[in-house]
Amino acid sequence: MKKKIMAVYDVDSRFAERFAEAVDQKERVPFTVIAFSSIERLKRFSEEEPIEILLIDAKLKAEAEGIKAGQVVLLSDGEVIPDPGGEQAVYKYQSTDHIIREVMACYSASPVQPLPALVGDKSILVGVYSPINRCLKTSFSLVLGQILAKDSAVLYLNLEDCSGLRKLLGQSGPGDLSDLLYYHSQGGFSWARLKSLVYSWGSLDYILPARYPEDLCQVSGEQMAELLSSLAGEGMYDTIIVDLGQFGKKAADILKICDGIYMPVRQDKVSVAKIEEFEEYILVSGHEKILEKVQRLKLPYPNSFGGQRDYLEQLLWGELGDYVRQLLKGK
């Protein structure tokens, strides 16, 4: 499928070039991003090729009159304020990730576009689940995702009531899993809306967990499984990692659609009893095939913890990171 075109024209040609290069390298979006250094070239191009989004410096808006584009989004330096009722604008002096997320939010406000099959193959769905607490499940999930993301496109989703990710990753922006669930339930699920919710930690993409636990309580296991199946079916990512948290007995509906399941365990008697009880439930509920996909992991517990800001980096390059690298090598 041919990608749609996002044209970028800025008063600073280096900005446009750097932005186009950064998006092509880092962002998994269904656009070919082309930077233009002159209005004449942009006009000639628009006469031959359809432009879906024109991202243009707000100060150059008048020069672009007459250029056909599906949607125009202005690049503002903070001083230029678009006319009321005019084109939407994003602040240009921020990270590429933030700009593209805001552009996708603007684009998703237009009539819903179907999710394009960018890759064609179904994403591998990896579940990380354990019925026990304090087993490094989330730490493992994040490290696994970051390591896999070095060579492929990976999306991380956390289904916990209180994950702590906003604090750990220093992210408090708008949009989270609740929004994704809402879009899906209303039939307004589109690739643009998905990308408008995506943040990044290094090479790993993630969607912020639901801000309010009530949002998850109202979702059945089947509904969550349907959402995850839709995401995986589009093939936008090579791998989707689902950190199930304490999703209770609703977890079975999600685990049965996973291609593989990692289960961190501990050896104390209470933890062993919880694992046995979980396995008994899976058997009596008729989901015994789930157990065939489960790989138990006894994860190395970090010897020391640094500050909150560098905790995840320490995990990535510490014992847990080494453990995950060996795990992926099959050793």
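Strands E8 and E9 run antiparallel and are joined by four bridges. One of these pairings can be followed at the residue level: Ser200 has Asp205 of E9 as its bridge partner. The model in view is a predicted one.

E8 and E9 belong to an open sheet of seven strands, in the order E8-E9-E7-E10-E6-E11-E12, and the pairing in this sheet is mixed. Strands of a sheet pair through backbone hydrogen bonds, either parallel or antiparallel. The edges are formed by strand E8 (198-201) and strand E12 (294-297), each of which pairs on one side only. On average, neighbouring strands of this sheet are turned by 25° against each other, direction ignored. Helix H4 (residues 137-148) packs on the sheet and touches, among others, strand E6 (124-128), strand E10 (239-243) and strand E11 (260-264). The direction of H4 makes about 170° with that of E10.

Helix H6 (residues 177-185) also has contacts with this sheet, through strand E7 (154-158) and strand E9 (204-207). Which residues of H6 are buried? They are Leu177, Ser178, Leu180 and Leu181. These four lie on the same side of H6, because they cover an arc of only 160° around the axis. An α-helix has 3.6 residues a turn, so residues three or four places apart point the same way. At the start of H6, a side-chain oxygen of Asp176 comes to within 2.9 Å of the backbone nitrogen of Ser178. Just after H6, Gly187 has a positive phi of about 75°.

A further open sheet has five strands in the order E2-E1-E3-E4-E5, with parallel pairing. Strand E2 (31-36) and strand E5 (88-91) each have a single partner strand, so one side of each is left without a neighbour in the sheet. The twist from one strand to the next averages 25°. Strand E4 (residues 71-76) pairs with E5 in the parallel sense over four bridges. Within this pairing, Ser76 has Tyr91 of E5 as its bridge partner.

The next topic is the charged side chains. The structure holds ten salt bridges. One of them joins Lys92 and Asp10, at 2.9 Å from N to O. Where do these two residues sit in the chain? Lys92 is in the loop between E5 and helix H3 (96-108), while Asp10 is in the loop between strand E1 (4-9) and helix H1 (13-26). The two are 82 residues apart, and the pair links distant parts of the chain. Both Lys92 and Asp10 are buried.

Another salt bridge joins Asp259 and Lys122, at 3.5 Å from N to O. Asp259 is in the loop between helix H10 (251-255) and E11, and Lys122 is in the loop between H3 and E6, 137 residues apart. Are these residues buried, partly exposed or exposed? Asp259 counts as partly exposed because its relative accessibility is 45%, and Lys122 is also partly exposed, at 47%.

The side chains of Lys256 and Asp253 meet in a salt bridge as well, at 3.8 Å from N to O. Lys256 is partly exposed, with a relative accessible area of 44%, whereas Asp253 is buried, at 18%.

Conventions: Residues are numbered from 1 along each chain as its sequence is written. This is a predicted model: local features need pLDDT of at least 70, side-chain atom pairs count only at pLDDT 80 or more; totals for chains, interfaces and linings use all residues. Side-chain values use heavy atoms; hydrogens and water are left out. Buried means under 20% relative accessible area, exposed over 50%, partly exposed in between (1.4 Å probe, protein chains only). The arc is that of the directions from the helix axis to the C-beta atoms. Contact means heavy atoms within 4.5 Å. A polar contact is a pair of N or O atoms within 3.5 Å; within protein, one must be able to donate a hydrogen and the other to accept it, and residues adjacent in sequence count only if both atoms are side-chain atoms. Two strands pair if DSSP finds at least two bridges between them. Axes are lines fitted to C-alpha atoms, for helices over the stretch in contact, and angles run from 0 to 180 degrees between N-to-C directions. A salt bridge is a side-chain nitrogen of Lys or Arg within 4 Å of a carboxyl oxygen of Asp or Glu.
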